[in-house]
Amino acid sequence: MNFPEMLSTADLALLAAVQDNADLTLDQLADRAGLSPSAVQRRLKKLRDAGVIQRTVALLDPKAVGQTLSLIVELELERDRHDLLPPLHAWIAREAAIQNAWFVTGRGDLVLSMTAASIERFDAFMERMLAEHRVIRKYTTSVVLKTLKRSLAVALE
């Protein structure tokens, strides 16, 4: 399937609905997409099999589970130590506190979004990261004061 050219209006309606609320029943999704529940089930399977829907997750309130801080961390890496990047990538992928990680242009090389229960826990986390990964030259942290929007939804226009 060649996406996005092959996405029908019904596919887009389904994707919008499941991005908004993945707990909707097949009947509810069918109403939104103008399809039968069995057609919805087939289309969702096709979209999953094609990798359009990568996985379904629950969006938790960090504070409700004790993660009172949200942080944006910018890492600057040593330029000549590319051999040290794969272990850092694997470490980032395993760390539950890191929600997102991106290689970026600009001042830093990597940007992480993460949560922590306290400043002390965040400090311990960063000390461990720096000790285990010598490729990190320095880091800058921004503490999130107020969340204006929290979503992983992809625009479907």
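Which residue in strand 3 is the bridge partner of L75? The partner is L110. The legends below cover that pair and its surroundings.

This is a predicted model, in which local features need pLDDT of at least 70, side-chain atom pairs count only at pLDDT 80 or more, and totals for chains, interfaces and linings use all residues. Residues are numbered from 1 along each chain as its sequence is written, and side-chain values use heavy atoms, with hydrogens and water left out.

View 1. Two strands pair if DSSP finds at least two bridges between them. Strands are DSSP runs (E, at least two residues), as are helices (H or I, at least four), numbered from the N terminus.

View 2. Strand 1 (residues 69–77) and strand 3 (residues 110–116) run antiparallel, joined by seven bridges. Contact means heavy atoms within 4.5 Å. Axes are lines fitted to C-alpha atoms, for helices over the stretch in contact; angles run from 0 to 180 degrees between N-to-C directions.

**View 3. The buried face of helix 3.** A39, V40, L44 and L47 are the buried residues of helix 3. Seen down the helix 3 axis, they fall within an arc of 130°, so they line one face. The arc is taken from the directions between the helix axis and the C-beta atoms. R42 and D49, on the other side, are exposed. Buried means under 20% relative accessible area, exposed over 50%, partly exposed in between (1.4 Å probe, protein chains only). The buried residues pack against helix 1 (9–20) and helix 2 (26–33). G51 follows helix 3, with a positive phi near 85°.

**View 4. Helix 1 against helix 3.** The two helices pack at about 80°, with axes 11 Å apart. That makes helix 1 roughly perpendicular to helix 3 (65 to 115 degrees). From helix 1, A10, D11, L14, L15 and V18 meet V40, R43, L44 and L47 of helix 3.

**View 5. A124 in helix 5.** A124 lies in helix 5 (residues 119–132). A124 is partly exposed, at 44% relative accessible area.

Conventions
Angles under 35 degrees count as roughly parallel, over 145 as roughly antiparallel, 65 to 115 as roughly perpendicular and the rest as oblique.
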